[in-house]
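Hello,

The structure you asked to look at is below. My notes on it follow.

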Amino acid sequence: MTENKFQVLLEALITYKSEYGDLNVPSQFYVPKDSVWPSSCWNMPLGRKVMDLRSRRIFNTAKAHEKLEEIGFQWGSPRVNCLDQACEALTAYRSLYGDLNVPRCYIVPCDDSFPEKCWGLKLGNFCNNVRYRGDYISADARVRVRLETIGLKLDYDEFDTRHWAHIYYALTVYKKLYGHLNVPKSWAVPVDASWPKCLWGLKLGYRCNNIRYRGDFVTDNPQYKALLDDIGFLWKKGKFYARKG
C-alpha cells in the first residue's frame with residue numbers, strides 16, 4: 001500500500017517537472033483536475049507532500065530517495081538551491097565576460113558556457129534583488145561574504161555611480177540612434193546588437209522620468225546635470241512634442 005502511494009506521488013512529481021521545468025513545488029500547490037495529470041494524483045496537496053519529503057516525514061527509505069534523486073529531486077529548500085545555482089552562474093558569467101555587470105534582464109542561456117543546472121536562471125533579477133532588497137544577505141552575513149568573494153558588487157554607492165554611467169551611456173546611444181532624447185516612459189533598452197550588452201534591459205524611460213521629476217542623480221551632483229544639458233536632455237517633456245508640432 002505504501003509503495004503504491006509513493007508511486008502516485010512520484011508520478012505527480014514527474015508530471016509537475018514536465019509542466020514547470022523543475023521540482024520547486026510551491027507549498028500551497030494542489031494537483032488540478034486536468035487530463036495532463038494522472039487521475040490518481042488529482043487534488044493531491046503536492047506542495048505539502050514535498051515539504052514532508054524534505055523533512056523526512058514520509059517515504060524515508062533508501063529506495064525512495066534513489067527514485068526521487070533520479071528525477072532530479074533536491075533535498076535542500078529551493079531558496080538554498082537557487083543561491084547555489086546563482087553562485088555557480090555568477091562564476092561562469094565572470095569567466096565568460098570578465099565582469100559581473102549582469103544586465104537586469106539576463107537569463108542564463110542553455111549552452112555549455114554554464115552548468116546545466118543553472119540554465120534558465122534569471123541571473124539579472126537575482127543580482128538586482130540581492131542588491132536592492134537584501135535577498136539572502138540580510139538574513140545571513142555569510143552569504144554577503146560569499147557573493148563578494150565571487151566579485152559581485154553590493155555596495156550601494158559604488159553601484160549607483162556605475163549605474164549613472166550606464167544611464168548616461170544609454171542616453172548617448174539613444175540619441176545617436178534616434179536623433180533625440182524624447183525617451184517614452186515605458187521604454188527599455190532592447191536585447192539587440194545595436195546596443196551594448198551591459199545596457200540590455202535598462203528601463204531608460206523610467207530612469208529619465210525620475211531624473212526629470214524626482215532629481216535622481218542630479219540633485220547632489222551638478223556635474224551630472226551639466227553632462228545631461230550638453231547632450232540635450234529634455235527637462236520638460238512637453239518641449240519636444242511642441243517642437244514636433
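**Phe59 and the loop it sits in**

Phe59 is placed in the loop between H2 and H3. Helices here are DSSP runs (H or I, at least four residues) and strands are E runs of at least two, numbered from the N terminus. Phe59 has a positive phi of about 50 degrees, although it is not a glycine. In general, most residues other than glycine have a negative phi. Phe59 is buried, with a relative accessible area of 18%. Buried means under 20% relative accessible area, exposed means over 50%, and partly exposed is in between (1.4 Å probe, protein chains only).

Arg56 is found in the loop between helix H2 (46–54) and helix H3 (62–70). Its phi is also positive, near 65 degrees. Arg56 counts as partly exposed because its relative accessibility is 37%. In H2 itself, Leu46, Gly47, Val50, Asp52, Leu53 and Arg54 are buried.

**Ground rules**

This is a predicted model: local features need pLDDT of at least 70, side-chain atom pairs count only at pLDDT 80 or more, and totals for chains, interfaces and linings use all residues. Residues are numbered from 1 along each chain as its sequence is written, and side-chain values use heavy atoms, with hydrogens and water left out.

**Overall fold**

The protein has 10 helices and 0 strands. Of its 245 residues, 40% count as buried. The accessible surface comes to about 14,300 Å², and carbon and sulfur atoms hold 51% of that. Areas come from the Shrake-Rupley method with a 1.4 Å probe; for residues, only the protein chains shown count as cover. Take contacts (heavy atoms within 4.5 Å). Among those in the protein between residues at least 6 apart in sequence, 47% join residues at least 24 apart.

**Largest pocket**

The largest pocket has a volume of about 630 Å³. A pocket is an open set of points on a 1 Å grid over the protein atoms alone, where a 1.4 Å probe fits, with protein on both sides within 12 Å along at least five of seven lines. Grid points are joined across faces, edges and corners, and the volume is the space filled by probe spheres set on the points.

The lining of the largest pocket has 23 residues, meaning residues with an atom within 4 Å of a point. Asp22, Asn24, Gln85, Lys117 and Trp119 lie nearest its centre. By type, the lining divides into 8 nonpolar, 9 polar and 6 charged. Nonpolar covers Ala, Val, Leu, Ile, Met, Phe, Trp, Tyr, Cys and Pro; charged covers Asp, Glu, Lys and Arg; the others, Gly among them, are polar. Helix H4 (78–97) and helix H5 (123–133) each supply at least two lining residues. H4 gives the most, with 4.

**Helix H8**

In helix H8 (residues 204–214), the buried residues include Leu204, Gly205, Cys208 and Ile211. Just after H8, Gly215 takes a positive phi of about 80 degrees.

**Cysteines**

How many disulfides are there? The count comes to 0, with a disulfide taken as a pair of cysteine sulfur atoms within 2.5 Å. The sulfur of Cys82 is 9.5 Å from the closest cysteine sulfur, in Cys87, so it is too far for a bond. Cys82 is partly exposed, with a relative accessible area of 21%. Cys41 counts as buried, at 0% relative accessibility.

Best wishes
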